[in-house]
Amino acid sequence: MKIAVVGATGMVGTVMLKVLEERNLPITELIPVASERSAGKKISYKGKEYTIVTLADAVKMKPDVALFSAGGDTSLEWAPKFAEVGTTVIDNSSAWRMDPTKKLVVPEINGDVLTKDDKIIANPNCSTIQLVMALSPLHLKYKMKRVVISTYQSVSGTGVKAVQQLDNEEAGIDGEMAYPHKIGRNALPHCDVFLENGYTKEEMKLVKEPKKILRDDSFSVTATAVRIPTAGGHSEAVNIQFENDFDLTDVRNILSETPGVIVEDDLANNVYPMPINAHNKDEVFVGRIRRDESQENTLNLWIVADNLRKGAATNTIQIAEYLIANNLV
């Protein structure tokens, strides 16, 4: 099992290598891939040194699986080249997510859509993954009509440059800016670029991607995405109107029994999900579970996850695990 990690030196790529090591995939050969600028440099994996290769060299090596986290333009150009030589690409960028010919997968929810013929598989947006992990079991039981999402997203979702900006601001250093404004002691209602409809790309991902993953476009979604000065972990306030009424005890039980979801909802002891506690964990944490008293059949949730792990690296690797377990690669 030859596995390539494309973007191995980036923020998500580094976490991918860590998660691969932790989950002990049956890798016979690891191929770390990065830009020509990084080619020839060494990285360490399981105590052994590996030399970083270019994309062109990696294609010639014909890996069984290529885990991509190198940006949309790289994915659009290179994923088809890997697919042509028989490699199954699992792509972490937004390049292929809404392509009707490509699968958009969260393995716990819709891994069953995958076949041997799927050579380019899309990993959803980080905010979408944690959202649908909680929505999916509730939708199956109560049927959603409308979902309203407000996100509180960490700077790590933007990348290394944004983390450096926050670090610089906290240290009182003037440095390169990832954002058009300061992020420290601030909140920017500006995740990704603005579109003609006044929404950002991030907000529209939250509108569109859940419908594709859940294979259902009968419910409506609206979102506001906000960047906050936390180093890691995304949080979401989610309001869900269902067609059918629910019992809060049943809601808690459904979520507690969902693989990959942990309910943290003990208000008497100030227990609720927080990004600082989700750090380095693969689960999605749900709390502040309460009825919306302003509207019938409506629920409020607070959903938190580590955006670099379940929101990116871990979900990508779980797709690879699903493919291996089901003899699809």
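Start by selecting Ser156 and Ser154: their side chains make a polar contact at 2.9 Å (a pair of N or O atoms within 3.5 Å; within protein, one must be able to donate a hydrogen and the other to accept it, and residues adjacent in sequence count only if both atoms are side-chain atoms). This is a predicted model, in which local features need pLDDT of at least 70 and side-chain atom pairs count only at pLDDT 80 or more, while totals for chains, interfaces and linings use all residues. Residues are numbered from 1 along each chain as its sequence is written, and side-chain values use heavy atoms, with hydrogens and water left out.

Stay on Ser156, in the loop between β9 (144–153) and α6 (160–171); helices (H or I, at least four residues) and strands (E, at least two) are DSSP runs, numbered from the N terminus. Ser156 has a relative accessible area of 5%, so it is buried (under 20%, with a 1.4 Å probe and protein chains only). Beyond four places in sequence, its contacts (heavy atoms within 4.5 Å) include Met11, Val163, Gly232 and Asn307.

Next, select Thr9, Gly10, Met11, Val12, Arg37, Ser38, Ser156, Gly157 and Asn307, which an unreviewed UniProt entry annotates as "binding site"; such annotations may be inferred rather than shown by experiment. These residues spread over 299 residues of sequence and up to 26.9 Å between C-alpha atoms.

Finish at Ser38, in the loop between β2 (29–33) and β3 (42–45). Ser38 is buried at 8% relative accessible area and touches Thr9 and Ile52, leaving out residues up to four places away in sequence.

Note on methods. Buried means under 20% relative accessible area, exposed over 50%, partly exposed in between (1.4 Å probe, protein chains only).
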